Amino acid sequence: ARQVLQQTYGIPAGRREARCYNSAMSQEVDASRIPELQQVVSDALAQARAAGASQADADASVQKGLSVTVRLGNVDTIEYHRDRGMAVTVYFGQRKGSASTADLRAAAVARTVAKACAIARYTASDDCAGLADESAMAREIPDLDLDHPWDLQPEQAVTIARDCEAAGLALDQRLSNSEGASLSTHRGVRVYGNSHGFLAGFPSTSHSLSCALIAQQGQDMQREHWYSVVRNAAQLEAGAAIGQRAAQRALARLGAQRLSTRRAAVLFAPEMARGLFAHFISAIRGASQYRRASFLLDSAGQRLFPAFVQMQERPHLPRALASSPFDAEGVATRDRELLRDGVLEGYVLGSYSARKLGLQTTGNAGGIHNLLVTAPKSTDDLPGMMKKMGSGLYVTELMGQGVNGVTGDYSRGASGFWVDNGALAYPVHEITIAGNLRDMYQRVVALGTDVDIQGAVRCGSLLIEDMTIAGE
């Protein structure tokens, strides 16, 4: 639901709609909703069992949030959102059916279960279908400190976003335009249960502030941004700092040039390096492996990175953005060494893909949980990484989707800076960097200590020995 506050901010809105929406927002979204959601899930499981299902699982959630965007000092949007839903999956032997609803009332839940059962009766049997093994269920649910609500009123949110943008625009007169500053806060509660007797849930929050500014000098216009994402609003980067960082990044790109086509070393900023590791995780996911659609087929036990590269999954880091006590199937999440001395220890699996491969689930149904990419002996921050590179391309932005997960071919538009003698020389744009991911991973020279923790993958800057750079 989207509502705009007319009286305060002068943006048209229907008064009747606003009144109805405010009534809905009076319902709390916090840990007190867990018993209610547990009842919804329990009812769905009981109805599936009564209908003859041999196994079933259900997931119910409620969420709410506030998002505000300000552009050039004026309110662009104010959005409240409130969502709720329940999804149920049933198994009749090894035939599967799924259905979902946004209505948590008993009658709607019963209809949804009936639909899932009807679907299952017409699907083909699958030898690998079914719940994760009962022995893998999470028995203890640790408190990971994920719930930090922010009692933020729209007026406060507008002020924070406005001050963030203003701090950036005030930095230099060449900052002539803005794509705006945005602030959002979100809180949700999720409960998952299945016919093994597993039933658990927890609340969580996330808060973010971002700013995107445009610098102009003559006919040259360059856009850049910065952001902060946290579980606890008290740890959010100061709005003025975010605006000024966005401004500095935009100003630094003025006068960007094109490069001639060449091969050179490439240094990826931490937020760009994260994407390279996301491609790696995608390639070792169970679904990519059993479908034979990965450039890293049957790669467990192989050295895929240099020996100094380590990867650990740490699902229980307090307040981390990808922490979770259990995965999407109720399987307990655990610390894991995914890459040891450059050698892949195993794949990323849910129960279905594990059965297809004749393996055991790794508790990754729904994704990876806090992947830490490290080089334990590294002491190089970003300036140190540039000195190590000497001359080459420092990438701060990537564009396009030119990544082939089957072959590993990699080709993306890029912009950033040319580095000469270990220091930034001039900004560059309108270039393409290309290579093959398997080869790129082998050519990693160093990992920086400038770790970005704002995502499911935590890594520093990444230096690759050389890549093809296509330009003029």
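Here is a quick tour of some strands, a helix pair and a few backbone angles.

This is a predicted model, in which local features need pLDDT of at least 70, side-chain atom pairs count only at pLDDT 80 or more, and totals for chains, interfaces and linings use all residues. Residues are numbered from 1 along each chain as its sequence is written, and side-chain values use heavy atoms, with hydrogens and water left out. Helices (H or I, at least four residues) and strands (E, at least two) are DSSP runs, numbered from the N terminus.

**Helix α4 and its neighbours**

- Helix α4 covers residues 106–120, which is 15 residues. From first C-alpha to last it reaches 21 Å, close to the 21 Å expected at 1.5 Å a residue; the expected span is 1.5 Å times one less than the number of residues.
- The buried residues of α4 are A108, V109, T112, V113, A116, C117 and A120. Buried means under 20% relative accessible area, exposed over 50% and partly exposed in between, with a 1.4 Å probe and protein chains only.
- An α-helix has 3.6 residues a turn, so residues three or four places apart point the same way.
- Those buried residues of α4 pack against α3 (34–50), β2 (74–92) and β3 (95–101), with contact meaning heavy atoms within 4.5 Å.
- On the α3 side, V40, A44, Q47 and A48 meet V109, A110 and V113 of α4.
- The axes of α3 and α4 come within 9 Å and cross at roughly 40°. That makes α3 oblique to α4. Angles under 35 degrees count as roughly parallel, over 145 as roughly antiparallel, 65 to 115 as roughly perpendicular and the rest as oblique.
- Axes here are lines fitted to C-alpha atoms, for helices over the stretch in contact, and angles run from 0 to 180 degrees between N-to-C directions.

**The five-stranded sheet**

- An open sheet of five strands runs in the order β10-β9-β8-β11-β16, with mixed pairing. β10 and β16 (457–458) stand at the edges with a single partner strand each, so one side of each is left without a neighbour in the sheet.
- Two strands pair if DSSP finds at least two bridges between them.
- β8 (residues 310–313) and β9 (residues 336–340) are antiparallel over three bridges, and E313 has R336 in β9 as its bridge partner.
- β9 also pairs with β10 (residues 343–344), antiparallel over two bridges; here R340 is partnered by V343.
- β11 (residues 371–374) and β16 run parallel, joined by two bridges, and L372 is partnered by R458 in β16.

**The β12, β13 and β14 strands**

- β12 (residues 392–399) pairs with β13 (residues 409–420) in the antiparallel sense over seven bridges, with W418 in β13 as the partner of L393.
- β13 and β14 (residues 423–436) are antiparallel over eleven bridges, and G416 is partnered by V428 in β14.
- β13 and β14 form a hairpin with two residues between them, and N421 in that turn has a positive phi of about 55°.

**Backbone angles worth a look**

- Most residues other than glycine have a negative phi.
- D341 has a positive phi near 55°, and its place is in the loop between β9 and β10. At 38% relative accessibility, D341 counts as partly exposed.
- R319 has a positive phi near 65° and sits in the loop between β8 and β9. Why is R319 classed as partly exposed? Because its relative accessibility is 32%.
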